[in-house]
Each structure stands twice: as structure tokens, then as C-alpha cells.
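User: Hey, can you walk me through this one? I'd like to start with how the strands pair up.

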Amino acid sequence: MFEIIRAEAQTFWHLLVSPVRGETHQQRLESFYAGQARGYDSFRRRLLHGRQAMIDAIQKQPQHSGGGQVWIDLGCGTAENMDRMGDAVNQFDQIHLVDLSQSLMEVARRRVESNPVKATVHHHIADVCEFDIGPGQADLITFSYSLTMIPHWFRAIERAYKQLRPGGMIGVVDFFVSPKYASSPIPQHGWFTRTFWPTWFAMDNVYISPDHLPMLQSRFETVTLQTSLGKIPYLPLARVPYYVWVGRKI
Ligand SMILES: C[S@@+](CC[C@H](N)C(=O)[O-])C[C@H]1O[C@@H](n2cnc3c(N)ncnc32)[C@H](O)[C@@H]1O
């Protein structure tokens, strides 16, 4: 019990109080995550909504019923998405886990060691914007709550596009705000939502944007899009908008 409270307090301290330091993006990520790695999964399960919905939406697509596939999880963190895949993880021959944070990748490594899967799992400490396994090599690419943390997110999407095979699937779940003038199916958010959440999350170098979804929708064919509001731990009245989007490269 004491351990849980300690991990929770450490996570909270790093989220709300401790300043993020570092000269490079990687150093800043490590300064943010190093003290949270232990409590990361438990805290983020209550903050990062829709990750299971994204995995479920991907699994509903017929392209992913076969074997021998390649999955790249970009900004994988602790690789919790591998657990969320359940038995469907066995359809992959190769899984590439990519993240710049050494501390979170260490947790991912331990997760894979304690739950071995059929696939060969590659752990890459790398920038998503530089990572490349070659054109058309991936069957599935996922970004779960990583796009809002990647400064050059448009470059990350372009890289993902190139690595995905035609017909391959891409799943993204993340926070968002609507543009000032939204059109269906993107819900219209008021001034407060559009101003408050980007400002609040930017303190932790999380850049909530109205532009991610339109860019994804213009680059890929949309298979499914759901938007919703998620709770924030310890802030009972607050609700932050997030989306679950699955697309296909045509
Ligand atoms: C909020 S966490 C989400 C982690 C995991 N996908 C999940 O759903 O729990 C965002 C992750 O993106 C990683 N990240 C941010 N920018 C990155 C970049 N340019 N290249 C690789 N990883 C990056 C962070 O280190 C962090 O692990």
C-alpha cells in the first residue's frame, strides 16, 4: 500500500510540480519520465482513455486476421498496448517498439521478458521522426498518446505513411481540441476548452492540437473515428476531449 502511494505521489510531483529540464527533446522526455516510470501504468490507465477502444477497432478490420505481420508502436512508452492486443498479438511476426525514453523502454523490456510472445520484439530507443524500417514494411502502425508529445508530429505522420504498406492500418488515440469552426463528425468545442487544455498540458510538453486529426484524415482513408471526454485523476469535474481514430493507407 505504501509503495502504491509513493509511486502515485512521485508521478503527481513530476506531472504538476517538478520542472522539465534538458537541452534536447530526449533529455526533456527522460527528465519528465525517469521519476514516473514505476507508477506510469497505474496512473495513465486513469488518464489515457480509449487505448483499448483503438486496439478493438483495429482488430475488427479483416486485414488483421492473418499471420506474419509487422506492427510498429511509435512512442510505445511501457508497451502496455501489447497486453491490450491480447491473443491477437500472435498474428505478428515482428513488433517494433519505438520510444526515446530509456526509463519507459526499460519497463517495456521487463514486460516483454515476463510475458513472452511469438513475435520477435525489437526495442528501439529512437526518435519516431527518424525511425525507419523501410518503405511499405509495416502492416500496422499505432500512436497512442504520443503524437501530442512529438514536436515534429507532421514528420512523424509522414514517416508512418511511408513505412505502412498499401492497405495497412494506422491507429491513433490522443487528446485533441476542435478548430474554432468544426464540422461534423468533429464536435465543436467552446473557447474555454480550446484554450484551457492546450495551455494546461503544454506545461508538461504535451501539445494538444486541432490539426492532428485533419492531417491524419487527409493522408489516410478514415475507417473509424470516435470522440469522447475523459476524466482526469484527482480532478473530479474536469473532462478532456480525446479521439480514437483508425485509418488505412490507400
Ligand atoms: C503519453 S506517453 C504514451 C506511451 C504509450 N504509447 C501509452 O499509450 O501508454 C508518450 C510517449 O511518447 C514518447 N515520445 C515522445 N516524443 C517522442 C519521439 N519524438 N520519438 C519517440 N518517442 C517519443 C514518450 O517518451 C512517451 O513514452
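User: How many bridges join β1 to β4?
Analyst: Three, and β1 (residues 69-74) and β4 run parallel. Strands are DSSP runs of E with at least two residues, helices are H or I runs of at least four, and both are numbered from the N terminus. Two strands pair if DSSP finds at least two bridges between them. By the way, this is a predicted model: local features need pLDDT of at least 70 and side-chain atom pairs count only at pLDDT 80 or more, while totals for chains, interfaces and linings use all residues. Residues are numbered from 1 along each chain as its sequence is written.

User: What's the bridge partner of isoleucine 72 in β4?
Analyst: Isoleucine 141. Isoleucine 141 also stands opposite isoleucine 170 in β5. β4 and β5 (residues 164-175) pair in the parallel sense over six bridges.

User: Which handedness does the β-α-β unit of β4, α7 and β5 have?
Analyst: Right-handed, with α7 covering residues 153-163. That term applies if, with the strands pointing away from the viewer, the path from the first strand over the helix to the second runs clockwise.

User: Why is β4 largely enclosed?
Analyst: Seven of the seven residues of β4 (residues 138-144) are buried, so the rest of the structure largely encloses the strand. Buried is 20 or more other C-beta atoms within 10 Å of the residue's own, exposed is 12 or fewer, partly exposed is in between, and C-beta atoms are placed from the backbone.

User: Ok, core next. Which residues have the most contacts inside the largest nonpolar core?
Analyst: Leu74, Ile141 and Ala156, in a core of 59 residues. A nonpolar core here is a set of buried Ala, Val, Leu, Ile, Met, Phe, Trp, Tyr and Cys residues joined through C-beta atoms within 7 Å.

User: Switching to the ligand: how many residues surround it?
Analyst: 22, and the closest are Gly75, Gly77, Ser101, Ser144 and Ser146. The cut-off is a C-beta atom, placed from the backbone, within 6 Å. The elements giving two or more residues to that shell are α2 (25-33) and β2 (92-99).

User: Is tyrosine 234 buried or exposed?
Analyst: Exposed, with 11 other C-beta atoms within 10 Å, whereas tyrosine 145 is buried, with 20.
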